[in-house]
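This report looks at a few local features of one protein chain. Please keep the sequence and the structure in view while reading.

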Amino acid sequence: MTRWQQVRRIARWEFNRFVKWRQQAYGVLIMVVVGTISGAVGKMAKDAKGKQVQVAVIGREQLGFALPAVDGVRWDSTRFATAADARRAIAADSLGGALIVQGAGAAEIVLRKRAAWTSTVTATLTQARQAAAFTSLPISDAQRAAMLSPFAVQVKTVTLKNGSSDVGSRLFTGAILMFGVLVLFNGFASLFAGITGEKQQRITEQIIAIVSPQTWMDGKIIGLVSAALVGTLLIGVPGLALFALLPTLLGNSAISLPAMPSDPWPLLLVLVVTVLGVIMWFSFMAAVAATIDDPNSSPRASMLLIPVLPMGLAFSLLSRPETWVAQALAIFPLTSMAVLPVRMLMTSVPWWEPVLAVLLLATASWTFRLAAGKIFALGILLHGKEPSWAEAWRWIRSSH
């Protein structure tokens, strides 16, 4: 059996180990049912009309404008003559609340307990007062219309050298990047379980005598990446379909998606960077997992959160994508998966930057893959103690 056949067999075994088609189908079915029920319940809650609250108005004549209509509130300005009468009715729980006007621009709301409608009343009264003040200005209708009309600014984007900044490009680029992140976090748990579990079994030492540690590690990385990819697709595709179809099924307006960008090359480049980034992070985490003796007690398991940092950097650079810091992070392998797509969407990128980022990502993936195999080869023989980072680095340098 050739080395590649061994890698394929190990990868197939790891894939079938974590992808159970029947359980995955049950999970998709449960997700669809729960999503449909949640959407229906949410629509019912949105459409349901609550009981109207009776609110007494004391000192209405001081407002200087008509009481505006507020959904869920019924104004009563005739039943109670004084604020004391309204307060007694509220204390007896026979009145929902009282609006005590203290002047043309101030009022007090008295309640027995907190209520959500108070914020709506406050905002509505403010808008009504502003509208009344605006109407009373000694200006013509044409002047009022001119004051209310927004300044006409048309925002037009242009095609960049290697990308486009239209809505479709932003949406699909974000979708590709988010899918890659989901694949990472969907597969890291399986990666740690698949590698650290082998180190705790004595039969693994016999297998290593037949299959080289690098072949074993390559098969694991390929199989676990494939399992994470399929698992994410089985969740993401039905989820997107449910998200797109559920509004129509519930009687709401359908969600319209923007058209695909006319230039597919930027999206293809983002896809390549995302795929290489996923492989690099899986190889990196495989090297980390090869140093862990017990994943339940090892503090190194917290390194699963490291891929979150590039995402935070990418968001922080949204307003400054043209700086040298953003350019450096778009090239650096550990951050390029998240930062380079942001740079391509927000500013013009020289042709050599994506090329260099792809080459460095591929080099980092290959380097971490080799490091994972070398660390696993010696770590499988070490029990009861996790190697230090210095020892792991010495293994990488000394092993051939």
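## A pair of packed helices

In this predicted model, helix H10 passes helix H12 in a right-handed crossing. The axes of H10 (residues 308–316) and H12 (residues 333–346) come within 8 Å and cross at roughly 25°, which makes H10 roughly parallel to H12.

On the H10 side the contact is made by Pro310, Met311, Leu313 and Ala314, while H12 contributes Leu334, Thr335, Ala338, Val339 and Val342.

## The mixed sheet

An open sheet is formed by 4 strands in the order S2-S1-S3-S4, and the pairing within this sheet is mixed. Strands S2 (73–76) and S4 (106–110) stand at the edges with a single partner strand each, so one side of each is left without a neighbour in the sheet. On average, and with direction ignored, neighbouring strands are turned by 25° against each other.

Strand S1 (residues 53–58) and strand S3 (residues 97–103) run parallel and are joined by 4 bridges, and Val55 stands opposite Gly97 in S3. Helix H3 (residues 83–91) packs on the sheet, where H3 touches S1, S3 and S4, and the direction of H3 makes about 155° with that of S3.

## A buried serine

Ser283 lies in helix H9 (residues 265–289) and is buried, with a relative accessible area of 2%. When neighbours within four places in sequence are left aside, Ser283 is in contact with Ile221, Ser365, Phe368, Arg369 and Ala372.

Notes. Residues are numbered from 1 along each chain as its sequence is written. This is a predicted model: local features need pLDDT of at least 70, side-chain atom pairs count only at pLDDT 80 or more; totals for chains, interfaces and linings use all residues. Side-chain values use heavy atoms; hydrogens and water are left out. Axes are lines fitted to C-alpha atoms, for helices over the stretch in contact, and angles run from 0 to 180 degrees between N-to-C directions. Helices (H or I, at least four residues) and strands (E, at least two) are DSSP runs, numbered from the N terminus. Angles under 35 degrees count as roughly parallel, over 145 as roughly antiparallel, 65 to 115 as roughly perpendicular and the rest as oblique. A crossing is left-handed if the near helix is turned anticlockwise from the far one by less than a right angle, and right-handed if clockwise. Contact means heavy atoms within 4.5 Å. Buried means under 20% relative accessible area, exposed over 50%, partly exposed in between (1.4 Å probe, protein chains only). Two strands pair if DSSP finds at least two bridges between them.
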